[in-house]
Every structure is written in structure tokens, then in C-alpha cells.
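User: I want to know what stands behind the labels in this model. Take me through them one at a time.

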Amino acid sequence: MTTNSQKNPMPKWKKWLLGLGIPAGIIVIALALSPFWADYEKPILRDQLPDPAQVFLQTHYGNSKTALARKDVEWLEKEYEVILTDGIQITFDRHGEWKEIKHKAGCVPMDIVPAPIQGYINENHPGLCVREISQDRREIEVELTNRLELTFSKKNFLLIDWDD
């Protein structure tokens, strides 16, 4: 009676299949999932924007016509961009909340700028208005008509940066 204490070695074709199969499987899965993180821009109609964006536009820019509206998808992040015929550009997040507003000529409507920031501008920079405003989770940045950029904390509206 003989005992085989050694296991049979794996045949070469199985080693080759495992060596090729695992990387090939990863590539196939990555290709199958690629539409979920693909970057693209798609033109849309104004009424295809999220409801909060439509309400915002009607409230603040009701008389302006839309030149272009599009959905931008970039690595699982979605945002909407609207360009009005008078050159105003507004970017909304996936939920329809504004992220950035740019006026080439004229000023951002005062009711969009938070009251504490508006007070600071009126007190320290009288006669100037906001040409651009952007916000993220922590900060609100405004650019005044003299190109001065002010950054405020979103939590307590304190000035945290000044760039001229």
C-alpha cells in the first residue's frame, strides 16, 4: 500500500486559466460598470431641471430666457448648468441647489447673497455689488464688481480669505 502524501500539482492549463481569468474578469467588470462613472454633458430643456432649480430660476430670473441648459455628469457627480441669454451662468448641484452664479454684466440679485455677507459688503465696500457667488459645504465666495474676492465661512459668515 502506497500513500500519496503529496497533492497532485495543478496542470499548466489551469494555472494559465487562473492567471489570465482573474485579470480578464476584472477588466470585464470594469467595462460593464463604466457607464456609471462615465463623463458626459447632455443638453436638456429648462423644465427637465430639478424642481428647486426651476423655482430658483423663476423666482430670481423669471424674465430671462434660457440659451442653454445641460446636465453634466463627471465621475458619479451630477450637476446642471444653465446659461441665460443675457450671459448669466448658474450651476446647480444634483438636487437643484445653486452652486455658482456668474454675471458678466450687472449684479447677482441681493436676495441670493446671505444677509450677513451683504451687510459686510455694504459696510466695508459701499457702492460695490456681487458679480459672482459660489458655495460649497463650508464656504461662500463672492467676487465684487472691483474684482475683489472675499471668502466667508458658511457656518458663521466670518471673512476667512481676501484676494484682490
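Analyst: Start with Ser64, which sits in the loop between helix 2 and strand 2 (66-74). Helices (H or I, at least four residues) and strands (E, at least two) are DSSP runs, numbered from the N terminus. The model is predicted: local features need pLDDT of at least 70, side-chain atom pairs count only at pLDDT 80 or more, and totals for chains, interfaces and linings use all residues. Residues are numbered from 1 along each chain as its sequence is written, and side-chain values use heavy atoms, with hydrogens and water left out.

User: Why is Ser64 called buried?

Analyst: Buried means under 20% relative accessible area, exposed over 50%, and partly exposed in between (1.4 Å probe, protein chains only). Ser64 has 16% relative accessibility, so Ser64 counts as buried.

User: What makes the pairing of the Ser64 and Asp86 side chains a polar contact?

Analyst: A polar contact is a pair of N or O atoms within 3.5 Å; within protein, one must be able to donate a hydrogen and the other to accept it, and residues adjacent in sequence count only if both atoms are side-chain atoms. The two side chains make theirs at 3.4 Å.

User: Which residues does Ser64 contact, leaving aside neighbours within four places in sequence?

Analyst: Contact means heavy atoms within 4.5 Å. Ser64 is in contact with Arg46, Leu84 and Asp86.

User: How do you know that the buried residues of helix 2 line one face?

Analyst: The buried residues there are Ala53, Phe56, Leu57 and Tyr61. Down the axis of helix 2 they fall within an arc of 95 degrees, so they line one face. The arc is that of the directions from the helix axis to the C-beta atoms. On the other side of helix 2, Asp51, Val55, Gln58 and Thr59 are exposed.

User: What do the buried residues of helix 2 pack against?

Analyst: They pack against strand 3, strand 4 and strand 5.

User: Why is Arg131 called buried?

Analyst: Arg131 has a relative accessible area of 12%, so the buried label applies. Arg131 belongs to strand 6 (residues 130-135).

User: Which residue 29 places from Arg131 along the chain has its C-alpha atom 6.2 Å away?

Analyst: That is Lys102. Lys102 is also among the residues that Arg131 touches, not counting those up to four places away in sequence; others include Ile101, Glu143 and Arg147.
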